[in-house]
Amino acid sequence: MWKILVVDDEPSVLELTEIMLRKLKLLDREIHVISAQDSEQARQAMVENPDTALIILDIVMETRDSGFEFIGYVRNTLQNNTTRIVIRTGESFTGWSPSKIANHYDIHDYVEKTRLTKERFLTIITCALRYYQHILERMRFEEMMVQTEKMMSVAGLAAGISHEINNPLNIILQSIQNIVRHTSLDVPKNFEVANECSVELEPIHAYLEKQRVFMFLGFAKEAAQRTASIVADMLQFSRRSDTEKEPANLIELVNKTVELARMDYNLKEQYRFDDIQIIREFDSNIPPVVCILTQIQQVLLNLLNNAAQAIYNQMDNAETETSKPQIILRIQYKGEKIRLEVEDNGIGMDEATSKRVFEPFFTTKEKGSGTGLGLSVSYFIITTNHQGEMTLESTPGLGTKFIIYLPLS
Ligand SMILES: Nc1ncnc2c1ncn2[C@@H]1O[C@H](COP(=O)(O)OP(=O)(O)OP(=O)(O)O)[C@@H](O)[C@H]1O
Ligand SMILES: [Mg+2]
């Protein structure tokens, strides 16, 4: 829908414009007309509708140049440089020519009421709307580029740090293992060494057990292993696509991964993955896709995990019985690409969240339960390692859909 603000102090002009535009569709979209009879109403309208595509503006209203003042308000006070402004005026008291006005004010076009046919008017509006759309697309693209760049630099940093953490971490893990082994009653050599030192191994072992030293070592080991798995995730960021790629049957891969997620989930969580209905919508003519199998599987696992969590969050959240929990998996053959979708009817997310989910370490989970690496690693695998695309669509309270495009080779 296009929002068009018409500003004119002549009620009949407002009405005629509205009648002309109301039922129209321009560039495939309907038009929503907002009318303002003076610049005060116009300002109010712009504050309430910053997404107005076009303003059709009269100049002489309460004062001889209230239209010009209004342009200053939009461009300078509201800092809105996207909305197109077309001046439609009866007469100009400034003494300036239209070209001089265009030179001075950031407007899209200038037309005189007396010379304006309906056809000409519609042409101007259509061109202005198309231009507005180009500006929006460009802005979105730039925003995306900044976002991607930010992600990539954080990812690079993460990979660098992981390399550094890896060595000391291995020392910690090995040392824990050594302590356990050197105090174990199952290693005959330990008895020899104890003998050499004139002590008994069994009471030493009993003492350590009683003081819960082995339990603490277990905690240390668990924590170190968790760190190791985070480090492994972060190291993905530095791994280029030099690992062997091979043709894979995506349908098989997806089915296998669902089984894996099912086992994994049922083992770890209090919720049951089996309660979620998995709907498969697979095209029958899917050709083999050249990819790194384990990586694509990891992406799918991340998406399934997130989907399941979103669904359970939704169930916890909803007071009344909501729709049956389900995940829809789609595989489609599109041109030279495969389109893969994972759609859930979970809790969804707002726009601010969905803009950030691919950032490394972005998570909405409580501290310690999520690393926020799942989606950023997935994004990296799809875009950098497979030259694919990954996007999402989400509606709060209704669900989320992740869309992946993979090139065939
Ligand atoms: N299907 C989804 N529905 C709703 N929100 C989602 C969904 N998938 C991801 N999110 C949001 O994106 C955030 C980041 O996801 P990501 O997988 O990167 O990390 P995480 O799940 O928080 O942690 P980890 O994957 O390490 O357990 C999540 O915390 C959640 O807020
Ligand atoms: Mg996750």
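The following legends describe close-up views of a predicted model.

**Figure 1. The largest nonpolar core of the model.** This core comprises 43 residues. The residues with the most contacts inside it are Leu 303, Leu 304, Ala 307, Ala 308, Val 342, Ile 404 and Leu 406. Two or more residues are contributed by each of the helices α5 (118–183), α9 (250–268), α10 (293–317) and α12 (374–385), and likewise by the strands β9 (289–291), β10 (326–334), β11 (337–344) and β13 (399–407). Helix α10 supplies the largest share, 10 residues. Domain 2 (152–237) and domain 3 (246–407) each provide at least three residues to this core. In soluble globular proteins, nonpolar side chains tend to be buried together.

**Figure 2. Surroundings of Ala 308.** When neighbours within four places in sequence are set aside, Ala 308 is in contact with Tyr 265, Phe 273 and Ile 276. Ala 308 is also among the residues with the most contacts inside the largest nonpolar core.

**Figure 3. A second, separate core.** This core consists of 28 residues, including Val 6, Ala 36, Phe 68 and Ile 71.

**Figure 4. The loop residue Leu 27.** Leu 27 lies in the loop between β2 (25–26) and β3 (29–36). Its phi is near 50°, a positive value in a residue other than glycine. Leu 27 is classed as exposed because 10 other C-beta atoms lie within 10 Å, and the limit for this class is 12 or fewer.

**Figure 5. The loop residue Phe 361.** Phe 361 is located in the loop between α11 (351–356) and α12. Although Phe 361 is not a glycine, its phi is positive, at about 70°. With 14 other C-beta atoms within 10 Å, Phe 361 is partly exposed.

Conventions:
Residues are numbered from 1 along each chain as its sequence is written. Chains are lettered from A and ligands numbered from 1 in the order in which they are written. This is a predicted model: local features need pLDDT of at least 70, side-chain atom pairs count only at pLDDT 80 or more; totals for chains, interfaces and linings use all residues. A nonpolar core is a set of buried Ala, Val, Leu, Ile, Met, Phe, Trp, Tyr and Cys residues joined through C-beta atoms within 7 Å. A residue is buried if 20 or more other C-beta atoms lie within 10 Å of its own, exposed if 12 or fewer, and partly exposed in between; C-beta atoms are placed from the backbone. Helices (H or I, at least four residues) and strands (E, at least two) are DSSP runs, numbered from the N terminus. Domain bounds come from an automatic or database domain assignment. Two residues are in contact if their C-beta atoms, placed from the backbone, lie within 7 Å.
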